[in-house]
Amino acid sequence: MTRFLLHRLGYMALTLLLVSFVSFLIIQAAPGDYAEIYAAKKAATGAIITQANIDAVRRELGLDRPWLVQYGSWLWNALHGDFGYSWAWRRPVGEVIAERLPLTLLIAFTTLFFMYAVSIPVGIYSAVHRYTAGDYAVATLGYVGLAIPNFLLALVLLYLAQQHFGWSVGGLYTPGLEKQPMSWAKFKDLAAHLSIPVFVLATSGTAYLTRAMRAAMLDELDRMYVLSAKASGLSPLMLLVRYPVRLALNPIAATLGWRLTYVISGAPIVGFVLALPDTGPLFLNALLNQDMLLAGAMIFIFCALTVIGTFVSDVLLALLDPRIRLE
């Protein structure tokens, strides 16, 4: 197991290196740069901007250097914990991300917990009670959850919460509670505001995992070892927990890294709709403003979370299924 973990950590480091290179290349491939966007914003206010001014801004930010040189400098500083300076925010990238990353991680991991806590037992129920009214109801809800776009569901829930329940949904807190010290009332208000983005982000993922769990359970329930265990007198609940459920969890555990990527990739639109101060709107604004250092650092962090999730999936698979060999 130790050798396996060391090998996986080595692959993780190589993957992150390649991801940082590709992400930096993609950001550089966009037409224009931050100096031109900065000049356009100044010109929109009535200021007179010449080409010499644009070239001076480009030299000041180091944008006149070859992109390989820029990437090497950024990578070297990132390895030492310095992700550079955000041109749009006029602050270090690390400080800008640190303000919003905790909320993003809270929403992401809460969403993952909700998805797995709901999909696994519902998928087991649907497989055990196949072709019943409950199974058809779960299938119908699953198709609806997969079909509804996140932004549309967020808008509908936002409207219903405000018009019919009188909830203040946008942001993290009800107006007037932002600057108050943390208390039980403020915590409940925060949980109420986070419930809608968590539900929106978890809807389609829960539907997909439910269908996957049901399919895996049906495949295991039709095997001969289940019939043999029934004949031996093993109770139905013990039979499910010890054999089919454990093996059916393999495809669910294998997709942990992908599910984390899915939640993070869907967060920007939901964050815009619900006015959440997380990294989603920050990332989109960094791309629109071509704030390369901020966008590159966020892509690197998101990919690092995905790689870590994949690593956790590999470890869970090794623990769940003794047939998996660690070579």
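Predicted model: local features only at pLDDT ≥ 70, side-chain atom pairs only at ≥ 80, totals over all residues.
Close-up 1. The volume of the largest cavity is about 40 Å³. Its lining consists of T104, I107, A108, L201, V263, I264, A267 and D278. By residue class, the lining of the largest cavity holds six nonpolar residues, one polar and one charged.

**Close-up 2. The largest pocket.** The largest pocket holds about 350 Å³ of space. Its lining numbers 16 residues. Nearest the centre of the pocket lie L141, G142, T203, T206 and A207. Helix 5, helix 6 (133-147) and helix 8 (184-221) each bring at least two residues to the lining. Helix 8 gives the most, with six residues. Eleven residues of the pocket lining are nonpolar and five are polar. None is charged.

**Close-up 3. The ring pair of F21 and Y71.** The model has five aromatic pairs. In one of them, the ring centres of F21 and Y71 are 5.4 Å apart. Their planes meet at 80°, so this pair is edge-to-face; the cut-off for that class is over 60 degrees. The pair joins distant parts of the chain, 50 residues apart. F21 sits in helix 1 (residues 2-29), and Y71 sits in helix 4 (residues 67-79). F21 has 32% relative accessibility and counts as partly exposed. Y71 counts as buried because its relative accessibility is 8%, and buried means under 20%.

**Close-up 4. The ring pair of F83 and F300.** Here the ring centres of F83 and F300 lie 6.3 Å apart. The planes stand at 50°, so the pair is tilted. At 18% relative accessibility, F83 is buried. F300, at 22%, counts as partly exposed.

**Close-up 5. The aromatic cluster.** Ring pairs tie F21, Y71, W74, F83 and F300 into a cluster. Y71 is buried, and F83 is buried. F21 is partly exposed, and F300 is partly exposed.

Conventions: Residues numbered from 1 in each chain as written. Heavy atoms only, no water. Phe/Tyr/Trp six-rings, centres within 6.5 Å; stacked < 30°, edge-to-face > 60°. Helix = DSSP H or I, 4+ residues; strand = E, 2+ residues; numbered from the N terminus. Buried < 20%, exposed > 50% of the residue type's maximum accessible area, 1.4 Å probe, protein only. 1 Å grid on protein atoms, 1.4 Å probe; cavity = no way out; pocket = protein on both sides within 12 Å on 5 of 7 lines; lining within 4 Å. Points joined across faces, edges and corners; volume = space filled by probe spheres on them. Nonpolar A, V, L, I, M, F, W, Y, C, P; charged D, E, K, R; others polar.
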